[in-house]
Amino acid sequence: MTDSDNATASPGATTPELPQPSYAEAIARDLSIRTNQADAVLALLAEDATVPFIARYRKEATGGLDETVIAAIRDRHTALEALFDRKKAIVKSLAERDLLTPDLFAAVRAADTMVSLEDVYLPYKPKRRTRAMMARERGLEPLAHRLLEQKPDCNPRAEAVAFVDAEKGVPDPDAALAGAMDIIAETMAEDAATRGDLRELFWHRGTLAATVEPGKEEAGAKFRD
C-alpha cells in the first residue's frame with residue numbers, strides 16, 4: 001500500500017499498513033552520528049554481537065564508536081521498535097472499530113514518542129463507562145460545547161435550563177451543568193495538544209515540594225536529604 005493509499009484510508013476499509021521506518025536514519029539524527037554507523041551497529045547487534053565486542057573489535061565498521069554510543073544505538077532501536085509495534089496495534093484496533101480516519105492515521109504515524117502516541121490514542125481507547133459518557137447519553141454534549149465556546153453573552157445557568165429533563169436524569173440546571181462539566185473535563189483531559197502543553201509547562205515551570213508530617217519527624221529524618 002502506498003503513502004497516498006494510506007492517506008485516503010476510510011473507516012471500515014482494510015487496515016492500512018504503516019510504512020516500515022528507517023531505524024538507522026532516525027537513530028543517526030537522534031545521536032548526531034552518520035547513518036552508515038548506525039546501520040553497521042544494528043547489523044552487528046542483529047548477529048548477537050555484544051556492545052563491548054563491537055566497540056573493541058569492529059571499530060572499522062562503526063567508525064570508531066565507543067561503548068556508550070553503541071549502547072545508546074541499541075537502546076534507541078529497542079524503543080523505536082516498541083513504538084512501531086504499538087502504532088500497528090493502535091491502527092489495527094481503530095480500523096476494527098471503524099474509527100480510523102485519514103487525519104487520525106496521519107497523527108498515529110507522525111507520533112515520535114510513546115507518550116505522544118498514547119495521547120493521540122487516548123480519546124479512542126476502550127474504557128469503562130465514565131461520568132462524561134453518561135452525561136452524553138443524557139443529551140448534555142451540546143451544552144458542553146456552548147460552554148466551551150466561552151462567548152461573552154453566554155449565561156451558563158440560563159443555557160442549562162433548556163437541558164432539564166427529568167426523564168433523562170437531568171432534574172435541574174445544576175445537574176445539567178454538572179454533566180456538561182464532566183464532558184468538558186474529559187474532553188480537555190483527552191486532548192493531545194492540551195496534554196502536551198501542560199506536560200511542557202510542568203516540566204519547565206513546575207516545582208516539587210516535600211514536608212514531613214507532624215509527629216513523623218524522627219521517622220522522616222532519613223529522607224531529609
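Which residues are buried in helix α2, residues 23–31? They are Tyr23, Ala24, Ala26, Ile27 and Ala28. Buried here is under 20% relative accessible area with a 1.4 Å probe, protein chains only, and helices are DSSP runs of H or I with at least four residues, numbered from the N terminus.

A word on the source. This is a predicted model, where local features need pLDDT of at least 70 and side-chain atom pairs count only at pLDDT 80 or more, while totals for chains, interfaces and linings use all residues. Residues are numbered from 1 along each chain as its sequence is written, and side-chain values use heavy atoms, with hydrogens and water left out.

Back to α2. The cover over its buried residues includes α3 (35–46) and α6 (67–96). After α2 comes Ser32, with a positive phi near 55°.

Now the pockets. A pocket is an open set of points on a 1 Å grid over the protein atoms alone, with protein on both sides within 12 Å along at least five of seven lines; lining residues have an atom within 4 Å of a point. The largest pocket holds about 330 Å³. It has 17 lining residues, and Pro21, Ala26, Leu80, Leu83 and Lys87 are the closest to its centre. Both α2 and α6 supply at least two residues of that lining.

The second largest pocket has a volume of about 190 Å³. Its lining is Ala210, Thr211, Val212, Glu217, Gly220, Ala221, Phe223 and Arg224.

Conventions. Buried means under 20% relative accessible area, exposed over 50%, partly exposed in between (1.4 Å probe, protein chains only). Contact means heavy atoms within 4.5 Å. On a 1 Å grid over the protein atoms alone, a cavity is a set of points where a 1.4 Å probe fits but cannot get out, and a pocket is an open set with protein on both sides within 12 Å along at least five of seven lines; lining residues have an atom within 4 Å of a point. Grid points are joined across faces, edges and corners, and a volume is the space filled by probe spheres set on the points.
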